Amino acid sequence: MELTGAEIFVRCLEDEGVEYIFGYPGGAVLNIYDAIYKQDKVEHVLVRHEQAATHAADGYARSSGKPGVVLVTSGPGATNAITGVATAYMDSIPMVVFTGQVPTSLIGNDAFQEVDSVGITRPCVKHNFLVKDVTKLAETIKKAFYVATTGRPGPVVVDIPKDITAEKAEYSYPKRVKMRSYNPVVKGNKRQIQKAVDLMLSAKRPMVYTGGGVILDRGAKALTDLMKKLNFPITNTLMGLGAYPATDKQFLGILGMHGTYEANMAMHNCDVLIAIGARFDDRVTGNVEKFCPTARIIHVDIDPASIAKNVKVDVPIVGGVTNVLKEMAAMVAESGKSPEKKALAEWWKQIEEWRAVDCLKYDHESELIKPQYVIESLYEVTKGNAFVTSDVGQHQMWAAQFYKFDKPYRWINSGGLGTMGFGLPAAMGAQFANPKDTVACVTGEGSIQMNIQELSTCLQYGLPIKIICLNNRFLGMVRQWQEFFYQGRYSMSYMDALPDFIKLAESYGHVGMRIEKPEDVVPALKEATGKYKDRLVFLDFITDQTENVYPMIPAGAGLNEMILV
Amino acid sequence: MENEAGALSRVSGLFSARGYNIESLTVAPTEDPSLSRMTLVTRGSDEIIEQITKQLNKLIDVVKLIDLTEGAHIEREMMLVKIRAESGTEARDEINRLVDIFRGNIIDVTPATYTVELTGTGDKLDAFLKAVGEEAILETVRSGVSGISRGEKSLAL
């Protein structure tokens, strides 16, 4: 039987096993919305702004491991979605974004709500397609999911002109697609892995640095197993948190610009650096000229272009990190060797001295609420089991430093693009994927206002998100830089004319709480996760305005040149 | 590359987004109409060339890529040039001789001009233009470099 393009679209998503589409209707996608109306297999979530649709799909993907799916209309629908597409691209998140397009006959005519979606998204997608023939629609959708979810994952945009959604074709969804120009490597080269293992076993001061690649490739267990065998110290990037249990003693915290003293010092002084699924981002390396001066570097990554891009590497291994980690473990076992005990013990002694500096200390006696204390309390009250999304700025760093993630997929933040406004919609996606779990959005009074309209979506779908707003009346990270590097000229970083967030939350039908004293922090969090378990709670914590994120590596400095508290 | 709309802009977009230079770029369909072949000339340190190669390989429309400068290869560029050459002047005879020396062809003639077709390396084309002299040149159009490896090895699927 022949189906319309719109019907084919819906059937494809169904056959692909898609649970949720995050989207917003409009002229160019009316046929598709009509087809969505007539079925009940795929649930459509109506957001309030297309940017939120992409972030929600992203949060869904990060917390579930399944690709996120977005549907928006042409023109402004597509342009609004782009920030979310770029966010997913920078963090390698599998996502398929469908944009409506004006009818084929009008493309290029400056038609109403026309924009060159394929052109405008090209630099921030893994790949994109314009569907010009209804008989190719199903195959294109299959390809989009295949490309988005394999190799180094990423967002794929599929642009569908309106006439294609009305035309008819026979439907069949291909089980598999082959693309002659796209064959991602899965297994690492054995000889290279052996070289890496030999180097690891000969290390006197080893250091392991892992990133989002381990999370994306579901490699947390393989990583933990190998680390337990080797007893090496390990740090995670902002994207990699949860790949190794944060409460374990081998874990040194995050590294880089706001990384811990022990992690950064161990990086700087190691003799063998094992980088896995990480990309030597500038926020991690600091000044590359001063980066790991004494280390030989092993780098495992699925993307060959990530290897030797910023930092020269001694043993490159292209492959899926989980596969490579397992191979490494097998080779270590086979060799019958273990790292040199005495050297490793001395290295650990040194690391413990660095750890004793207690770089994350803060004033526990203050009469003002310290933002760090809010995060620590959130960790205690949720017993470390919450899914935590964040926006961007100081609160993001404190969340990464003070919430100890023992499991993967639970820390969801915009690491690469640094998108303010990401937190709340990402929390919606995470809550859809994990309806029974606590989802907390750690944010600030600046970031939350960038997608605050989603409080409406949360009410419509009954999403009991806990919004942890660290309200210091400042764009805190901007203020911090202005304090340190611009002699305290706080240009445009003071957040004047803030709304009453309590009334705002209430007007959307949610619960609002303002917390102004340290002793009220824990009771409020308990109430939010207890009495108001099933409600969205906006917790507006009035925090110390002067608090800064420490340690900090200033621009141009090496990892050992931290500003400490 | 896949012979598809947008494939060329993926390549050129990559170069501009990452700040790499394109010195010349030629592209046309091959004997297999689903494929195009592109020759791209760029310049950079070994590290930059390695990164360019990797980034190009990442593009899904790029099917196969080789760096011709890694082995013996041939580069050719075609140029059409319109030259002032008044009938009956010594200059017109001189252009004729130069075209012979450079093994070009005169492909269009008017009482006042010659249009010359010339193929060779970029250096040879530059040398011809220099020999003709700036003031005599009315218009030039160059194809950009096409390249192929020497010997029996060939770039095919």
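**Exercise 1. A helix pair in chain A**

At what angle do helix 1 and helix 6 of chain A pack, and how far apart are their axes?

*Solution.* Before starting, note that this is a predicted model.

Step 1. Two packed helices are described by the angle between their axes and the distance between the axes. Begin, then, by locating the pair: helix 1 of chain A covers residues 5–15, and helix 6 of chain A covers residues 137–149.

Step 2. Now read off the geometry. The angle is about 35 degrees, and the axes lie 10 Å apart. Helix 1 of chain A passes helix 6 of chain A in a right-handed crossing.

Step 3. Find the residues that make the contact. Helix 1 of chain A brings A:G5, A:I8, A:F9 and A:C12, while helix 6 of chain A brings A:L137, A:A138 and A:I141.

Step 4. Sort these residues by class. Six are nonpolar, one is polar and none is charged.

**Exercise 2. A second pair for comparison**

Describe how helix 11 of chain A packs with helix 14 of chain A.

*Solution.* 

Step 1. Helix 11 of chain A spans residues 261–269, and helix 14 of chain A spans residues 341–356. Their axes come within 8 Å and cross at roughly 145 degrees.

Step 2. The crossing of helix 11 of chain A past helix 14 of chain A is right-handed.

Step 3. On the helix 11 side of chain A, look for A:Y261, A:E262, A:M265 and A:A266; they meet A:I351, A:W354 and A:R355 in helix 14 of chain A.

Step 4. By class, this contact has five nonpolar residues, no polar ones and two charged ones.

**Exercise 3. The overall form of each chain**

Decide for chain A and then for chain B: as compact as a globular protein of that length, or more spread out than a compact globule?

*Solution.* 

Step 1. Take chain A. Its secondary structure holds 21 helices and 20 strands. The radius of gyration of chain A is 24 Å, close to the 24 Å that the globule rule gives for 565 residues, so chain A is as compact as a globular protein of that length.

Step 2. The C-alpha trace spans about 70 × 60 × 45 Å along its principal axes, and 57% of the 565 residues count as buried.

Step 3. Turn to chain B, which has four helices and six strands. From the N terminus on, their order is α-β-β-α-β-α-β-β-α-β. The radius of gyration of chain B is 19 Å, well over the 15 Å that the globule rule gives for 157 residues, so chain B is more spread out than a compact globule.

Step 4. Complete the picture of chain B. Its C-alpha atoms fill a box of roughly 60 × 30 × 30 Å along the principal axes. Of its 157 residues, 15% count as buried.

**Exercise 4. The two domains of chain B**

Where are the domains of chain B, and which strand gives the most to the side of domain 1 that touches domain 2?

*Solution.* 

Step 1. The domain assignment of chain B gives domain 1 (7–65) and domain 2 (74–149). The centres of these two domains of chain B, taken over C-alpha atoms, are 29 Å apart.

Step 2. Look at the contact itself: five residues of domain 1 of chain B are in contact with five residues of domain 2 of chain B.

Step 3. On the domain 1 side, strand 1 (24–29) and strand 2 (36–41) of chain B each supply at least two residues. Strand 1 of chain B gives the most, with three residues.

Step 4. That domain 1 side has two nonpolar, three polar and no charged residues.

**Exercise 5. Where chain B meets chain A**

How many residues of chain B are in contact with chain A, and which helix of chain B gives the most to that side?

*Solution.* 

Step 1. Count both sides: 15 residues of chain B are in contact with 13 residues of chain A.

Step 2. Helix 1 (7–17) and helix 2 (46–58) of chain B each supply at least two residues of the chain B side. Helix 2 of chain B gives the most, with five residues.

Step 3. By class, the chain B side has four nonpolar, five polar and six charged residues.

**Exercise 6. One residue up close**

Is B:A136 buried or partly exposed?

*Solution.* 

Step 1. Find B:A136 in the loop between helix 4 (122–132) and strand 6 (137–149) of chain B.

Step 2. B:A136 has 17 C-beta neighbours inside 10 Å, so it counts as partly exposed; a buried residue needs 20 or more.

Step 3. Leaving out residues up to four places away in sequence, B:A136 touches B:I83, B:R84 and B:A91. B:A136 and B:K82 are 54 residues apart in sequence and 8.7 Å apart in space, C-alpha to C-alpha.

Methods
Residues are numbered from 1 along each chain as its sequence is written. Chains are lettered from A and ligands numbered from 1 in the order in which they are written. This is a predicted model: local features need pLDDT of at least 70, side-chain atom pairs count only at pLDDT 80 or more; totals for chains, interfaces and linings use all residues. Two residues are in contact if their C-beta atoms, placed from the backbone, lie within 7 Å. Ala, Val, Leu, Ile, Met, Phe, Trp, Tyr, Cys and Pro count as nonpolar, Asp, Glu, Lys and Arg as charged, and the others, Gly among them, as polar. Domain bounds come from an automatic or database domain assignment. Axes are lines fitted to C-alpha atoms, for helices over the stretch in contact, and angles run from 0 to 180 degrees between N-to-C directions. A crossing is left-handed if the near helix is turned anticlockwise from the far one by less than a right angle, and right-handed if clockwise. A residue is buried if 20 or more other C-beta atoms lie within 10 Å of its own, exposed if 12 or fewer, and partly exposed in between; C-beta atoms are placed from the backbone. The radius of gyration is taken over C-alpha atoms; the globule rule is 2.2 Å times the number of residues to the power 0.38.
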